[in-house]
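Morning, everyone. I have one structure to walk through today. Let me put it on the screen.

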Amino acid sequence: MASEELAQKLQRRLQLEESGAAGEVADKGEVVPEVTAEVERGSLTARAGAELSAKLCRRQDINEGAAQPRRAAVFNPYTEFKEFSRRQIKDMERMFRLYDSGRDGYIDLMELKLMMEKLGAPQTHLGLKNMIKEVDEDFDGKLSFREFLLIFHKAAAGELEEDSGLLTLAKLSEIDVSLEGVKGAKNFFEAKVQALSSASKFEAEIKAEQDERKREEEERKHRRAAFRELQSAFTQ
């Protein structure tokens, strides 16, 4: 009922504007507050309806696989890319930061161009654009760290074409990742870790990193002690 009344008032307003009556009323200093308020409310309702319709359409596209859901800017690579060890992900992060010369958290086309040249596999401008497009989930024309990890994920899962520039990137990088699909470990340490549960896997890797840091600290202490002994020998 309310919608019918609103439609009638909107129709009346349009008739007034078309006939010029609205202009005459304005000249006389008269206003139609009820109609104006209803028109404004109708406009807001229409905008809200359009936004809701767009959201529902996108949700339907996502459910049908025609669109990808937007992902949060912050993510946990260790839980999302469980097929890689902590050491592998840290190596990927190191490589990403090395070529992110703009320090903006992205690798753009020119930075990717430099990366491929450094790896000894220069690409054409179109080839670089196609490389980005293959994993560019948010269509911003550059690679986030998550999209960079997707390169190695797709390479390991065998989802990249043989002539793909991304496969070339993954193969030429010095990151120890199996490109035959994640079928097994490359060394005894990874084989042992893969036999554990996901939780204990990370615990084992963290402990290994801590042990390595302790060993490095012990080596530094020994070097400092040896240097002091040598220094005291010269000062005597």
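We have 11 helices and 0 strands in this chain. Helices here are DSSP runs of H or I with at least four residues, strands are E runs of at least two, and both are numbered from the N terminus. Read along the sequence, the pattern is α-α-α-α-α-α-α-α-α-α-α.

Ground rules next. This is a predicted model, so local features need pLDDT of at least 70 and side-chain atom pairs count only at pLDDT 80 or more, while totals for chains, interfaces and linings use all residues. Residues are numbered from 1 along each chain as its sequence is written, and side-chain values use heavy atoms, with hydrogens and water left out.

Confidence. pLDDT is the predictor's confidence in each residue, from 0 to 100. The chain averages 76, and 65% of the residues score at least 70. Residues 179-189 fall below 50, and that stretch has 19 contacts in the model beyond near neighbours in sequence. A contact means heavy atoms within 4.5 Å. Residues 191-199 also stay under 50, with 9 contacts beyond four places in sequence. Where pLDDT is low, the predicted coordinates should not be read in detail.

Now the chain as a whole. Of its 236 residues, 27% are buried. The cut-offs: buried is under 20% relative accessible area, exposed is over 50%, partly exposed is in between, with a 1.4 Å probe and protein chains only. Take the contacts between residues at least 6 apart in sequence: 50% of them join residues at least 24 apart.

On to helix packing. How do helix 8 and helix 9 cross? Helix 8 covers residues 145-156, helix 9 covers residues 165-172, and their axes come within 9 Å and cross at roughly 90°. That makes helix 8 roughly perpendicular to helix 9. From helix 8, the contact uses Phe 148, Ile 151, Phe 152 and Ala 155; from helix 9, Leu 166, Leu 167, Leu 169 and Ala 170. By class, that is 8 nonpolar, no polar and no charged residues.

The conventions, quickly. Axes are lines fitted to C-alpha atoms, for helices over the stretch in contact, and angles run from 0 to 180 degrees between N-to-C directions. Under 35 degrees is roughly parallel, over 145 roughly antiparallel, 65 to 115 roughly perpendicular, and the rest oblique. Nonpolar covers Ala, Val, Leu, Ile, Met, Phe, Trp, Tyr, Cys and Pro; charged covers Asp, Glu, Lys and Arg; the others, Gly among them, are polar.

Next, the aromatics. Rings of Phe, Tyr and Trp (its six-membered ring) pair if their centres lie within 6.5 Å; planes under 30 degrees apart are stacked, over 60 edge-to-face, the rest tilted. By that rule there are 4 aromatic pairs. One of them is Phe 75 with Phe 145, a tilted pair at 6.3 Å centre to centre and 40° between the planes. This pair links distant parts of the chain, 70 residues apart: Phe 75 sits in the loop between helix 3 (33-63) and helix 4 (77-80), and Phe 145 is in helix 8. Phe 75 is partly exposed at 23% relative accessible area, whereas Phe 145 is buried at 15%. Ring pairs link Phe 75, Phe 96, Phe 145, Phe 148 and Phe 152 into a cluster.

Now the loop between helix 7 (125-135) and helix 8, starting with Leu 143. Is Leu 143 buried or exposed? Buried, with a relative accessible area of 1%. Beyond four places in sequence, Leu 143 contacts Phe 96, Gly 105, Tyr 106, Ile 107, Ile 132, Val 135 and Ile 151. Leu 143 and Phe 96 are 47 residues apart in sequence and 9.5 Å apart in space, C-alpha to C-alpha.

Lys 142 lies in the loop between helix 7 and helix 8. Lys 142 is partly exposed at 26%. Its contacts beyond four places include Tyr 106, Asp 108, Asp 136 and Glu 147.

Phe 139 is in the loop between helix 7 and helix 8 too. Phe 139 is exposed at 74%. Phe 139 has a positive phi of about 55° although it is not a glycine.

Last stop: Arg 103, in the loop between helix 5 (86-99) and helix 6 (109-118). Arg 103 has a positive phi of about 55° and is not a glycine. At 61% relative accessibility, Arg 103 is exposed.
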